[in-house]
Amino acid sequence: GQRLSAATARFLLALAGCDSGFGQATARHLDTMGFRVFASVLDPQGPGAQELRRSCSPRLTLLQMDLTKPEDIQRVLQHIQAHTNSTGLWGLVNNAGFNDTIADAELSPLGKFRTCMEVNFFGSLELTKGLLPLLRSTGGRIVTVSSPAGDLPFPCLAAYGASKAALSLLMDTFRSELQPWGVKVSLILPGYYKTGTTCDPAFWNLQKQRLVASLPRELLAAYGEDYVEEINRQFIQFMKVAVEDLSAVVNSITDGLLAANPAVRYYPGQGLGLMYFIHRYLPYFVRDLFLKGFFINPKLPRALRREHHDDTKA
């Protein structure tokens, strides 16, 4: 699409969640295009931050920020405000995302739902609200990485999906509310990519062990430990097909920031067209079957299995 003029190259861009994955790749890409980038990282000493220091120009500024800590967000807001008085801020990319639970909603501790909401929803909300005065003054852009899991009920992703559903709706609301100010808001809904810890089987095995250890006895008995094991096995299997080349997502984010008329929603990745077609036009049971076939198809919980009933009768 048609790009904005070169004059905007002096504008600044703020990116949240650049330790790895999409955020890191996008920060590097925008830096090579000549933008001044503020990139927030959770761990300024981590490999992702080191990689950005090594590969980017001195224009790039790394800022430490934990989206669950309001004081971190305030510190970043003050830094960006102080450095953008003369130029204004052109764009914000909300990319920080968190999920560490793959399990049925009933098996996912309430705290996991809260943490997903804190990072994926409230953190992005606070950062966006804080930067809106700067973005309104330039008629700039907000680009937010959400997830198809916020639109479709993926098995075993309730905590993450619910937070992304809230995020998607929030950004859609901002989009209509900010229209009079000339601020354009886009959502990115990527397919499955290799990013951060999402592809480390050791990480997920540890999470599974912690989950099993934390479950009430009756609940674990009803579902069975092998049920949780099987979910984890299928998820690790699914991760092996994750795409390593992040360029489709980076290009979508860049288009959202720079195209004269950015799309409201971008769907980078394989298979999403079919998935959304099924979701919109076919009966629910077809969609549910498709998601199980595509992602995770849990076995029958222990209490519902035939052999279990035979045992209890005997």
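Start by selecting Ile 296: leaving out residues up to four places away in sequence, Ile 296 touches Ile 102, Pro 155, Cys 156, Ile 231, Gln 234, Phe 235 and Leu 291, where contact means heavy atoms within 4.5 Å. Before going on, note that this is a predicted model, in which local features need pLDDT of at least 70 and side-chain atom pairs count only at pLDDT 80 or more, while totals for chains, interfaces and linings use all residues. Residues are numbered from 1 along each chain as its sequence is written, and side-chain values use heavy atoms, with hydrogens and water left out.

A nonpolar core is a set of buried Ala, Val, Leu, Ile, Met, Phe, Trp, Tyr and Cys residues joined through side-chain atoms within 4.5 Å; buried means under 20% relative accessible area, with a 1.4 Å probe and protein chains only. Helices are DSSP runs of H or I with at least four residues, and strands are E runs of at least two, numbered from the N terminus.

Next, select Ser 124, in helix H4 (residues 110-138). Is Ser 124 buried or exposed? Ser 124 counts as buried because its relative accessibility is 2%. Beyond its neighbours within four places in sequence, Ser 124 is in contact with Leu 67, Asn 94, Val 119 and Leu 167.

Show H4 and H5 together: their axes, lines fitted to C-alpha atoms over the stretch in contact, come within 7 Å and cross at roughly 20°. H4 and H5 are therefore roughly parallel, a label for angles under 35 degrees. Among the residues that meet are Phe 113, Phe 121 and Leu 125 in H4 and Ala 162, Leu 170 and Phe 174 in H5.

**Last stop: Thr 195**

Finally, select Thr 195, in the loop between strand S6 (184-188) and H6. Thr 195 is buried, at 17% relative accessible area, and touches Gly 21, Phe 22 and Leu 246, not counting residues up to four places away in sequence.

Notes: Buried < 20%, exposed > 50% of the residue type's maximum accessible area, 1.4 Å probe, protein only. Axes fitted to C-alpha atoms, helices over the stretch in contact; angles between N-to-C directions. Parallel < 35°, antiparallel > 145°, perpendicular 65-115°, else oblique.
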